[in-house]
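Trainee: Hi! Could you walk me through this one?
Mentor: Happy to, ask away.

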Amino acid sequence: MPRRKALSSSPGADGANFPNVALPVRVLVGWDVSNTEAVEFAAWLGRSLPVTVQVMSSTQSKWSKSLPKASKGRKKRMKEAQATFDTRVEKALKEHIPRSQWSEDVSRLVDSKDIVRSLHETANDFGADLILMGSRAKTPKGRFRPSSVADEMMRSCPVPLGLAPRGVKLSKKGLTRVTYAIVLGDDPMEPDFSGLDYATATACKLGLPLRIIAFSPTAYEKHTSAWNEQTLGMLDHARDRAWELAAEFAPEACDTFDVTSSVSAAKSWKRSIDSVKWKKGDIMFLGTQPSPQFTSVFVGTLEGEFIRYASVPVVVCPHAAKAQ
């Protein structure tokens with residue numbers, strides 16, 4: 001099944017193909033035997049949105065033993081590995097996700113050494129709107145540390161990439177608030193606000209408040225007055241843009257659309273993020289930097305460091321000009 005078109009063909013909504021409440025959001029979960037955060041992330045989304053979930057892994061993943069090179073023995077071992085994978089996936093899904101939200105082919109094991117490529121191909125075959133991955137093992141609770149696969153996916157994901165912090169606690173009510181993060185360095189150049197369309201579409205479709213926060217790892221008093229003025233102007237621009245997008249996505253909801261903006265600057269990413277109040281129903285959207293080397297998601301150095309301290313689920317969005 002080919003991936004679906006974006007919700008809107010208007011210039012301001014190039015990448016906003018999430019969420020479409022008329023159709024289930026097709027969610028591909030990258031399986032990790034060491035934790036179930038990605039599965040729980042999918043279940044959490046399913047409390048607010050119609051979803052169809054598929055779980056994918058590769059025969060080269062840690063839980064799977066290496067297959068023999070001989071084609072005859074390999075076929076038998078692949079069948080055994082698929083059966084083992086089916087059992088593990090179904091056990092995890094039964095605990096978290098209603099069967100009505102399972103895809104017809106809910107567990108897919110790919111015989112490949114290239115896990116990232118397998119994820120790309122599976123996402124395309126499944127028509128995924130979103131790929132979800134959890135943090136690597138031995139990560140402090142409430143923080144995100146990418147595995148080698150997640151790290152590469154952050155630089156080459158063809159669709160929005162959802163990242164779940166280790167041991168994250170999620171609201172039983174589903175999503176209750178949307179945050180759009182602007183990640184700033186010492187020179188706050190005006191971003192193109194990629195990802196703001198996804199964040200605004202989610203807030204509008206679900207009737208949730210949207211807050212736009214500019215994060216900096218440098219304390220307020222260390223910034224110049226010019227930096228503060230530029231940042232506040234940037235937030236005004238972002239807030240105006242959110243209103244424009246809301247008028248495109250859901251004009252009937254504009255009367256109740258709630259958008260606020262603020263700056264969170266502290267002497268580290270950890271303090272900058274922790275100084276903001278977070279709830280169990282929060283989801284954070286993050287834009288990406290355009291790059292001639294990558295044609296989809298590209299997480300730069302600032303964003304990569306920022307994500308490591310995220311305490312709520314994050315959706316990293318492709319650059320709007322490159323979104324498919």
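Trainee: How much of the protein chain is buried?
Mentor: Buried residues account for 55% of its 324 residues. Buried means under 20% relative accessible area, exposed means over 50%, and partly exposed is in between, with a 1.4 Å probe and protein chains only. Keep in mind that this is a predicted model: local features need pLDDT of at least 70, side-chain atom pairs count only at pLDDT 80 or more, and totals for chains, interfaces and linings use all residues. Residues are numbered from 1 along each chain as its sequence is written, and side-chain values use heavy atoms, leaving out hydrogens and water.

Trainee: Thanks! How many helices and strands are there?
Mentor: The chain has eight helices and ten strands. These are DSSP runs numbered from the N terminus, with at least four residues (H or I) for a helix and at least two (E) for a strand.

Trainee: Is strand 1 mostly covered or uncovered?
Mentor: Mostly covered: six of the six residues in strand 1 (residues 25–30) are buried.

Trainee: Which way do its residues point?
Mentor: Val 25, Val 27 and Val 29 point one way from strand 1, while Arg 26, Leu 28 and Gly 30 point the other way. In a regular strand the side chains alternate between the two faces of the sheet.

Trainee: And which strands does strand 1 pair with?
Mentor: Strand 1 pairs in the parallel sense with strand 2 (residues 51–58) over six bridges, and also in the parallel sense with strand 4 (residues 130–134) over three bridges. Two strands pair if DSSP finds at least two bridges between them. Val 27 is a handy landmark: it stands opposite Val 53 in strand 2 and opposite Leu 130 in strand 4.

Trainee: New topic. What about helix 5, is it enclosed or open?
Mentor: Nine of the eleven residues of helix 5 (residues 196–206) are buried, so the helix is largely enclosed by the rest of the structure. Among them are Leu 196, Tyr 198 and Cys 204.

Trainee: What do those buried residues pack against?
Mentor: They pack against strand 6 (177–183), strand 7, helix 6 and strand 9 (282–286). Contact here means heavy atoms within 4.5 Å.

Trainee: What comes after helix 5?
Mentor: Gly 207 follows helix 5, and its phi is positive, near 65°.

Trainee: Which residues touch the most others in the largest nonpolar core?
Mentor: That core has 65 residues, and Leu 45, Tyr 180, Ile 182, Leu 210, Ile 212, Ile 283 and Phe 285 touch the most other members. Helix 6 (residues 225–249) gives the most to this core, with eight residues. A nonpolar core is a set of buried Ala, Val, Leu, Ile, Met, Phe, Trp, Tyr and Cys residues joined through side-chain atoms within 4.5 Å.

Trainee: What does Ile 212 touch?
Mentor: Not counting residues up to four places away in sequence, its contacts include Tyr 180, Leu 196, Leu 235 and Val 259.

Trainee: Where is Arg 211, and why does it count as buried?
Mentor: Arg 211 lies in strand 7 (residues 210–216). Arg 211 counts as buried because its relative accessibility is 11%.

Trainee: Which side chain makes a polar contact with that of Arg 211?
Mentor: The side chain of Thr 179 does, at 2.7 Å. A polar contact is a pair of N or O atoms within 3.5 Å; within protein, one must be able to donate a hydrogen and the other to accept it, and residues adjacent in sequence count only if both atoms are side-chain atoms.
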